[in-house]
Amino acid sequence: DGRVRTEYTTHVTRTGRLSSKEPNLQQIPKESDREKKPWNWQMKAVFEPTDGFRMWNVDYSQLELRLMAAFAGVPSLKQVFIEERDIFDEMAEALGYPRQTIKTFVYANSYGAGDRKIARSIGITLAEAKKLRSDYLAEYPQLGLFSRKLETMAKRNKKIPMWSGRFRHMPYPSEAYKAMNSFIQGGGADIVERAMVRIAEKVCDENCYLLMQIHDAFVFEIKDGFEEEYLPRVVDIMCDVDLLIAEQMPSGLGTTIAVDGDEWPVFEWPEERKAA
């Protein structure tokens, strides 16, 4: 019927995220520089909606960073999110580094990267990478304490518990450095899956179809003219994380969740194809 279908699996990734295969629709390239990558710069736009519908992408904004701030208990970072300020601008100002340097470092550090890898990814010396990590942990000591707590737990118990009751098994001590990333990414995956199920039950019907889940984002096909009815309902469910986690965490997350939404890009034929 002209549609591409994927298979989602719940048991492949170590963190608990859904994975996609045959084909992997979670690896569709984002829009990129047309000059640098002429072969894939509009790959997303190759996928077209059904006649009379439009496609929409609704994405959690910095979900893992918000969870990290909440679970580690970092008051200053939680307040940044509550006041809807830019987290990387705030961290860059506090640490005295460029915004992009801080953004790259924070994600690399949360994934368990060592000083050498951080130095290579940012383009700084090993000594500078060590100083950046030291400054970061001095400014946000709760993050270091939280990471060490999870790492110790992983080494002692060979597993770490997620807030949702799942476990990430780590049978080898050499894996323990991944503990915080596993907790945060795995906990985020549980939130996304719960939101997906609730949206399917409470929102989707013949005018609104949930097509794909891509990590922290959902892709919808909504009947033209109905987006103002359905998109706010989707956003409300995604943002109400306290409802999604109420059974396991009655006291709530303690910070705000934000969502970004935009229309799926429309394919633009190159001028030479238009002429043809």
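Buried denotes a relative accessible area under 20%, exposed one over 50%, and partly exposed the range in between, computed with a 1.4 Å probe on protein chains only. By this scale Q185 is buried, with a relative accessible area of 13%. The structure is a predicted model, in which local features need pLDDT of at least 70 and side-chain atom pairs count only at pLDDT 80 or more, while totals for chains, interfaces and linings use all residues. Residues are numbered from 1 along each chain as its sequence is written, and side-chain values use heavy atoms, with hydrogens and water left out.

The predictor's confidence in each residue is given as pLDDT, from 0 to 100. The mean pLDDT of the protein is 88, and 92% of its residues reach 70 or more. Confidence is highest in β7, at 96, and lowest in helix α11 (residues 271-275), where the mean is 56. Where pLDDT is low, the predicted coordinates should not be read in detail.

Helices (H or I, at least four residues) and strands (E, at least two) are DSSP runs, numbered from the N terminus. Q185 is found in helix α8 (residues 179-202). With contact taken as heavy atoms within 4.5 Å, and leaving aside neighbours within four places in sequence, Q185 is in contact with T15, R17, E64 and Y111. One of these residues, E64, is itself among the buried residues of α1.

Helix α1 is mostly covered, as nine of its 10 residues are buried. The buried set consists of L63, E64, L65, R66, L67, M68, A69, A70 and A72. The helix is followed by G73, whose phi is positive, near 75 degrees.

Two packed helices are described by the angle between their axes and the distance between the axes. Axes are lines fitted to C-alpha atoms, for helices over the stretch in contact, and angles run from 0 to 180 degrees between N-to-C directions. Angles under 35 degrees count as roughly parallel, over 145 as roughly antiparallel, 65 to 115 as roughly perpendicular and the rest as oblique. The axes of α1 (residues 63-72) and helix α7 (residues 141-157) cross at roughly 85 degrees and come within 9 Å. Helix α1 is therefore roughly perpendicular to α7. On the α1 side the contact is made by M68, F71 and A72, and on the α7 side by Q142, L143 and F146. For residue classes, Ala, Val, Leu, Ile, Met, Phe, Trp, Tyr, Cys and Pro count as nonpolar, Asp, Glu, Lys and Arg as charged, and the others, Gly among them, as polar. The contact of α1 with α7 has five nonpolar residues, one polar residue and no charged residues.

Residues M91, A94 and L95 in α3 meet D135, Y136 and E139 in α6. By class, this contact has four nonpolar, no polar and two charged residues.

Several loop residues were also examined. M170 lies in the loop between β5 (167-169) and α8, and at 1% relative accessibility M170 counts as buried. Apart from neighbours within four places in sequence, M170 is in contact with A154, K158, K159, E175, A176, K178, A179 and S182.

A cis peptide bond joins E22 and P23, with omega at about -5 degrees; P23 is placed in the loop between β2 (19-21) and β3 (53-61). E84 is not a glycine but has a positive phi of about 60 degrees. E84 is placed in the loop between α2 (75-82) and α3 (87-95) and counts as exposed, at 74% relative accessibility. H215, likewise not a glycine, has a positive phi of about 60 degrees. H215 is found in the loop between β6 (208-214) and β7 (217-223) and is partly exposed, with a relative accessible area of 27%.

A disulfide is taken as a pair of cysteine sulfur atoms within 2.5 Å. A search of the whole structure finds zero disulfides. The sulfur of C204 has its closest cysteine sulfur in C208, at 4.5 Å, which is too far for a bond. For C239 the closest cysteine sulfur is also in C208, at 16 Å, again too far for a bond. C204 counts as partly exposed, at 24% relative accessibility, and C239 counts as partly exposed, at 27%.
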